[in-house]
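Subject: Handover of a structure for your review

Dear colleague,

Please find below the structure that I am handing over to you. My notes on it follow.

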Amino acid sequence: MKVFGQRKRATAALAAAGMSLALAACTPAGTGATAASPTSSPAASQQSSTTAPPSPSAEPGTSATVGALVPGFPQRLLPLMPGAKVVSSSLDKTTVPATVALVGGISAPAADVLTFYTKGLQAQGFKAVPGETVGALPSKDFLRGDSETVNISVMESRGVSTFTIGANVAAGSVK
C-alpha cells in the first residue's frame, strides 16, 4: 500500500498543479491578480469564463482553462456530472501517463458526486481502492491496470459541493 500512497500524493499534486496551471493561464502576466479580484472590471470577469489563448511557453498537447472544459478534454473518461459547472480544467498529453484535471461545482451532496463518478469509472474498468476520506474530506481513489489512477475529492459547504478530479491515464484514454 505504500506505493499507492505515493500515487495518491502524486495525483493530489497533479490536481493542484492542474488548478495552478489553469489559474496561471487566466492571470495577466506580472500582476499577480486573479480574475475574481474586487478591482476587476466586468469585462475582465466575463473573460475569465472563456478559454485563454495558449501561453507562448506552453507545449503543444498541454492546455488549461477556467470556466470551461479545455479543447480535447476526455469527456468519455470524465463526463461532467449533470447540473455541475466547470471551475477549471486541464489536459497534458505530453506526459506518460497523460494527466487530466477537472474542478467543478454542483448543488448536491458530496456523496452524490462520489456515487456518480464511482459508477462511471467502474463501468470503464477502474477499481475503487479502500478508503473514503482523507482526514474529514470525502476522497476516493481508483486504479486501472498498473499505471492508471484517478482521485476524486469533494468539499461540501452551504449546499454546494466543489469537486476535484485528477487522473493519470494512458494516452488512449484521453482521445
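Does Val174 count as buried or exposed at its relative accessibility? At 3% relative accessibility, Val174 counts as buried, where buried means under 20% relative accessible area, exposed over 50%, and partly exposed in between, with a 1.4 Å probe and protein chains only.

This is a predicted model, in which local features need pLDDT of at least 70 and side-chain atom pairs count only at pLDDT 80 or more, while totals for chains, interfaces and linings use all residues. Residues are numbered from 1 along each chain as its sequence is written, and side-chain values use heavy atoms, with hydrogens and water left out.

Val174 is placed in the segment after β8; helices (H or I, at least four residues) and strands (E, at least two) are DSSP runs, numbered from the N terminus. Leaving aside neighbours within four places in sequence, Val174 is in contact (heavy atoms within 4.5 Å) with Gly72, Pro74, Leu91, Lys93, Ala98, Val100 and Val169. Of these, Lys93 is 81 residues from Val174 in sequence, yet their C-alpha atoms are 7.9 Å apart in space.

The nonpolar core

A nonpolar core is a set of buried Ala, Val, Leu, Ile, Met, Phe, Trp, Tyr and Cys residues joined through side-chain atoms within 4.5 Å. The largest one here has 28 residues, of which Leu78, Tyr117, Val150, Ile152, Phe163 and Ile165 touch the most other members. At least two residues of this core come from each of β2 (85-92), β3 (98-106), α3 (110-123), β7 (148-157) and β8 (160-169). The most is given by α3, with five residues. Val150, leaving aside its neighbours within four places in sequence, is in contact with Leu121, Phe126, Lys140, Asp141, Phe142, Ile165, Gly166 and Ala167.

Helix α3

With 14 residues, α3 reaches 20 Å from its first C-alpha to its last, close to the 20 Å expected at 1.5 Å a residue; the expected span is 1.5 Å times one less than the number of residues. Its buried residues are Ala110, Val113, Leu114, Tyr117, Thr118 and Leu121. Seen down the axis of α3, these buried residues fall within an arc of 125°, so they line one face of the helix; the arc is that of the directions from the helix axis to the C-beta atoms. The buried residues of α3 pack against β3, β6 (137-144), β7 and β8. On the other side of α3, Lys119 and Ala123 are exposed. Gly125, with a positive phi near 95°, follows α3.

Six of the eight residues of β2 are buried, and the strand is mostly covered. Two strands pair if DSSP finds at least two bridges between them. On one hand, β1 (residues 62-66) and β2 pair in the antiparallel sense over five bridges, with Val66 opposite Ser88. On the other, β2 and β3 pair in the antiparallel sense over seven bridges, with Asp92 opposite Thr99. A hairpin through five residues joins β2 to β3.

Backbone points to note

Most residues other than glycine have a negative phi, and most peptide bonds are trans. The peptide bond from Val96 to Pro97 is cis, with omega near 0°, and Pro97 lies in the loop between β2 and β3. Arg158 is not a glycine, although its phi is positive at about 55°. Arg158 lies in the loop between β7 and β8 and, at 84% relative accessibility, counts as exposed.

Yours sincerely
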